[in-house]
Amino acid sequence: MNNRDQDNDTGGRRITATPGGAGQAPLDDAAKLIIEQLQKDGRQPYSTIGRAVGLSEAAVRQRVQRLLDAGVMQIVAVTDPLQLGFPRQAMIGLRTDGDLEAVADRLAELDEVNYVVITAGSFDLLTEVVCRNDDHLLEILQRLRAVEGVLSTEVFVYLKLRKQTYTWGTA
């Protein structure tokens with residue numbers, strides 16, 4: 001277990017939740033409790049979750065599937081990029097021109113880009129990339145800069161990650 005996982009040991013799986021987004025019905029209390037249980041340990045059995053939230057195993061299984069199908073959450077493995085051969089990570093701020101969402105969509109199609117967010121402030125977009133080395137980062141930057149609508153980029157290379165959690169809970 002690396003330092004990032006000490007406060008958020010979910011058995012190597014990340015649970016991300018986006019409750020109550022635009023156009024979505026708010027989550028009921030049981031769904032929120034299920035999400036919170038999965039954020040603590042994404043590998044725990046549905047029967048254990050059921051006992052914690054007051055539902056049957058079958059009810060938890062159905063609710064989890066509905067949450068997954070609706071895109072409210074996903075259950076994925078959280079890996080350590082360093083141990084997988086990706087020692088270089090960076091956040092890249094981009095200034096754009098034209099259709100901001102179209103630019104964001106094109107950037108999101110790149111395999112090395114694992115995070116794209118539309119922002120307010122000095123950057124229009126932020127992207128996060130995971131790279132094999134500095135040459136790979138340079139290659140990715142060249143591809144980002146070639147995307148139509150990208151005017152400029154600014155790279156923030158990660159030197160050391162001090163905290164990363166996925167347990168923000170539910171509203």
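Is F123 buried or exposed? F123 is buried, with a relative accessible area of 11%. The legends below describe views of a predicted model.

**View 1. Overall fold of the protein.** The predicted model contains five helices and six strands. Read from the N terminus, these elements follow the order β-α-α-α-β-β-α-β-β-α-β. The protein has 171 residues, and 36% of them count as buried.

**View 2. The aromatic pair F123 and F156.** The count of aromatic pairs comes to one. F123 and F156 form this pair in an edge-to-face arrangement, with 6.0 Å from centre to centre and 90° between the planes. F123 sits in the loop between β4 (113-118) and β5 (125-131), while F156 belongs to strand β6 (residues 150-157), so the pair ties together parts that are 33 residues apart in sequence. The relative accessible area of F123 is 11%, which is under 20%, so F123 counts as buried. F156, in turn, is partly exposed, with a relative accessible area of 37%.

**View 3. E154 in strand β6.** E154 is a residue of strand β6. Its relative accessibility is 35%, so E154 counts as partly exposed. In sequence, E154 and L126 are 28 residues apart. In space, the C-alpha atoms of E154 and L126 are 9.6 Å apart.

View 4. Side chains of opposite charge can pair when their charged atoms come close. The structure holds five salt bridges, and one of them joins E57 to R61. The closest N and O atoms of E57 and R61 are 2.7 Å apart. Both residues lie in helix α3 (residues 57-69), where a spacing of four residues amounts to about one turn of the helix. E57 is partly exposed at a relative accessible area of 38%, and R61 is also partly exposed, at 41% relative accessibility.

**View 5. The salt bridge between R143 and E112.** In this pair, the closest N and O atoms of R143 and E112 are 2.6 Å apart. R143 has 30% relative accessibility and counts as partly exposed. E112 is buried, with a relative accessible area of 17%.

View 6. R143 and E139 are four residues apart in helix α5, so about one helical turn separates them. E139 is partly exposed, with a relative accessible area of 34%. Which residues make up the network of salt bridges? E112, E139 and R143 are linked in it.

**View 7. A patch of negative charge on the surface.** Four residues are shown here: D99, E101, D105 and E109 gather in a patch of negative charge on the surface. Among them, D105 is found in helix α4, which spans residues 100-108. Residues of such a patch have over 30% relative accessible area and no salt bridge.

Notes. Residues are numbered from 1 along each chain as its sequence is written. This is a predicted model: local features need pLDDT of at least 70, side-chain atom pairs count only at pLDDT 80 or more; totals for chains, interfaces and linings use all residues. Side-chain values use heavy atoms; hydrogens and water are left out. Patches are made of residues with over 30% relative accessible area and no salt bridge: like charges are joined within 9 Å, nonpolar side chains (Val, Leu, Ile, Met, Phe, Trp, Tyr) within 5 Å. Accessible areas come from the Shrake-Rupley method with a 1.4 Å probe; for residues, only the protein chains shown count as cover. A salt bridge is a side-chain nitrogen of Lys or Arg within 4 Å of a carboxyl oxygen of Asp or Glu. Lys and Arg count as positive and Asp and Glu as negative; His and the chain ends are not counted. The place of a charge is taken as NZ of Lys, CZ of Arg, CG of Asp or CD of Glu. Helices (H or I, at least four residues) and strands (E, at least two) are DSSP runs, numbered from the N terminus. Rings of Phe, Tyr and Trp (its six-membered ring) pair if their centres lie within 6.5 Å; planes under 30 degrees apart count as stacked, over 60 as edge-to-face and the rest as tilted. Buried means under 20% relative accessible area, exposed over 50%, partly exposed in between (1.4 Å probe, protein chains only).
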